[in-house]
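My notes follow in the order I took them.

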Amino acid sequence: MFNVEVNVAGRTLSFETGKLAKQAGGAAMVRYADTVVLATATCSETPREGIDFFPLMVDYDEKLYAAGKIPGGFIKREGRPSEKSILTSRLIDRPIRPLFPKGFRHDVQITAMALSSDMENDPDIVAINAASASLAVSDIPFPEIVGAVRIGQINGEFIVNPTFTQRKESLLNLVVAGTKENILMVEAGAKEVSEAVIMEALKLAHREIGKIVVCIEKLASACGKPKRDIPIYTPDERLEAVIRKYMTPFVQEAMNLTGKDEREALLKEKVNREVCVSLLEKSEDMSEEFIQSLNDKTNPDFETVIKKIEEQIFREMVVEKHVRPDGRKLDEIRPLSCEVGLLPRAHGTGLFTRGQTQVMTILTLGTISEEQILDGIGGEDSKRYMHQYNFPPFSVGEVRPMRGPGRREIGHGALAERALAEMIPSVDEFPYSLRLVSEVMESNGSTSMASVCASTLALMDAGVKLKAPVAGIAMGLVTHKDGFVVLTDIQGLEDFLGDMDFKVAGSKDGVTALQMDIKIKGLSFEIMEQALEQAKKARLFVLKTILDCIPESRSDLSKYAPRIILMNINPDKIKDVIGPGGKMINKIIAETGVKIDIEDDGRVFIAAVNPDAGEAARKMIDNLTREVAVGEIYLGRVSRFMSFGAFVETLPGKEGLVHVSQIADKRISSAEDVFEVGQEVPVKVIEIDEQGRINLSTKGLIEVDPSAYEEVEKKPSKDERRSKKSFHRR
């Protein structure tokens, strides 16, 4: 058993191997504070035949026992991976995949299991480092070592690996993975942080990554297994020469077409095995065996060589001639259009079109009780703002079964959610749950950023008062020989043949989300700085187009959206609103038809489609929780009589006495001569004694029939009595 340690942000990051999972190709248990992750890396014995891609599988698994929890629901066992697990799997995959050599065709599986969580240090960063360590000590020929950190910012100070508590205050949540030389992957959410701050954070992250990589190198040198000699797939040289000879002119012709449909039609018609074989048979004397090898659809040589030809032509066009496949300038955005209010019954809709990429987002507003409950080991138990992304096959003209969302769809939805999360008003300002669903109608590059733009439109259409509107843009990178260019608003072909997909979302004041994936072995800070600056100009242009469509959020919500009233009551009064066995709250719901949610801190959410019903419920709850005050006038209800007066219910559950002497200016013989049980009468509170008894008066507030006055014998006045006494003395 071997163990190495490094100090990261004042906490020990330790790597251990040789104790667990000994039959795996490589295994490492990594501990950071009390968060522990075990990662393994295993490679198949033989390559997978007939494929033209690298079969890498990455699975991150969160067990609730890691945080001392039992799964909720009827089945007390973890089921399908949570959204957090899928996103963490993608975080591990993205920096590792581009480092494997091209032509690696053996199956590689990386698993990461969160064994312990202290509920403060996120296991996702630990999992990336653990996966890297498991590869480093394994027999898999992985050429580089990867490290990862998270950067936050509080009060202008950067924090390395902020805890869950610190992240609630942080303006930045930046995850960075890389090698000692380069950055490989960036994922971020932010509260309108400037590009300059992002660059500073990236440089700090890279310095910390270097320390982690050195530590893993020590572990690998001390106990790493000898690397296996795995052959790398390369196309047959003779086949490649023939394919290049006959197919290059057609590929060149297709790449010169600016329209996607025309280009794909020509490639489908002329760039295929059948055409290549027929041309070969006509012009050259080749053996039947050679021709059969070229025509064999299980042989990936043809597709591999065609992609190499496309990449070469594409890179020469873009880097050397500065000509893009659709004829745009390097920093030019495709034609934009925006629409709102397309669906009559939806609470908000937005349609965003950029070239041949089109996304419609639909917003639904709900009550706070409809927020999503999170059953995991992270720092959140629930969230009221949800964003989901769907990519149907018709969006790219394909036919395939429609199943549940894949990892890519979950990842794109999470990115769009992150871009807008900090712009959603707080629950006190806007007491709603929000569900946004982005439906991709057409795809030719960067549908995730189109989802951000369409979501901004839908939110503003619904009347949600955003802190600021948000737009997104995808940047690309093309390298060739010693040169490179950064492309604005990449389309599908530029993403497929290029080296980078760098998505940037934000408001006019700063960045709210980042995601960077690359296919090369790293990026320099020079390239990243240029990409961020170019993205800012493009983002502001897209924002202007959005605001030209809808300058500000609508003043009112859709008539089909629930109206939610937020009240704050004394938590001690919650029992009065609920009543014994829920009697009181059920009575309010039955009489008004509203939906009521009560939080432990005294916040009461009343949801009603009819505003009058909501207001009626609010008054009823207000009456249940108000305190009677001296001098206040209430419309009470007579509840019972006594010989000395009448008891009147001023507020629900609160009675006061109207003494017969306080009914009118003249004496009343009996309160029953004036009132009836159940009668509503205005009363004024004149006293609340030390025992809490309430004394009321109706003097001057009601008219009394003179017949109710008590008839009394007239007594002589004081002067008359004095005069009478004086007479008797005389």
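**Burial and overall form**

I began with burial: 52% of the 730 residues of the protein chain count as buried. Buried means under 20% relative accessible area, exposed means over 50%, and partly exposed lies in between, with a 1.4 Å probe and protein chains only. The model is predicted, so I kept its limits in view: local features need pLDDT of at least 70, side-chain atom pairs count only at pLDDT 80 or more, and totals for chains, interfaces and linings use all residues. Residues are numbered from 1 along each chain as its sequence is written, and side-chain values use heavy atoms, with hydrogens and water left out.

Next I checked the overall dimensions. The radius of gyration of the protein chain is 37 Å, whereas a compact globule of 730 residues would have one near 27 Å. That radius is taken over C-alpha atoms, and the globule rule is 2.2 Å times the number of residues to the power 0.38. Along its principal axes the C-alpha trace spans about 160 × 60 × 45 Å.

I then looked up the secondary structure. The protein chain has 17 helices and 29 strands. These are DSSP runs numbered from the N terminus: helices are H or I with at least four residues, strands are E with at least two.

I also looked at contacts, meaning heavy atoms within 4.5 Å. Among contacts with a separation of 6 or more, 70% come from residues 24 or more positions apart.

**Aromatic pairs**

How many aromatic pairs does the structure hold? I found 6. Rings of Phe, Tyr and Trp (its six-membered ring) pair if their centres lie within 6.5 Å; planes under 30 degrees apart count as stacked, over 60 as edge-to-face, and the rest as tilted.

I noted Phe-54 with Phe-100 as a tilted pair, 4.6 Å centre to centre with 45° between the planes. This pair links distant parts of the chain, 46 residues apart. Phe-54 is in the loop between strand 4 (35-47) and strand 5 (56-62), and Phe-100 is in the loop between helix 1 (83-96) and strand 6 (106-116). Phe-54 counts as buried at 13% relative accessibility. Phe-100 is buried too, at 5%.

Phe-100 also pairs with Phe-142, again tilted, at 4.8 Å centre to centre and 50° between the planes. Phe-142 lies in the loop between helix 2 (123-137) and strand 7 (147-154), so its pair with Phe-100 ties together parts that are 42 residues apart in sequence. Phe-142 counts as buried at 8% relative accessibility. I recorded one aromatic cluster here: Phe-54, Phe-100, Phe-104 and Phe-142.

**Charges over rings**

A charge sits over a ring if NZ of Lys or CZ of Arg is within 6 Å of the ring centre and within 35 degrees of the ring normal. I noted Lys-307 over the face of Phe-496, 4.7 Å from the ring centre. Arg-408 lies over the face of Phe-391, at 4.4 Å.

**Strands 16 and 17**

In which sense do strand 16 and strand 17 pair? Strand 16 (residues 385-390) and strand 17 (residues 433-442) run parallel, over 6 bridges. Two strands pair if DSSP finds at least two bridges between them. Tyr-385 stands opposite Leu-434 in strand 17.

With helix 10 (residues 407-421), strands 16 and 17 make a left-handed β-α-β unit. For reference, a crossover is right-handed if, with the strands pointing away from the viewer, the path from the first strand over the helix to the second runs clockwise.

**Single residues**

Most residues other than glycine have a negative phi. I looked up two with a positive value. His-322 has a phi of about 55° although it is not a glycine. His-322 lies in the loop between helix 9 (301-321) and strand 11 (336-340), and it is partly exposed at 45%. Lys-481 has a phi near 55°. Lys-481 sits in the loop between strand 18 (471-480) and strand 19, and it counts as exposed at 72% relative accessibility.

Gly-483 is in strand 19 (residues 483-488). Gly-483 is partly exposed, at 24%, and touches Val-319 and Val-478, not counting residues up to four places away in sequence.
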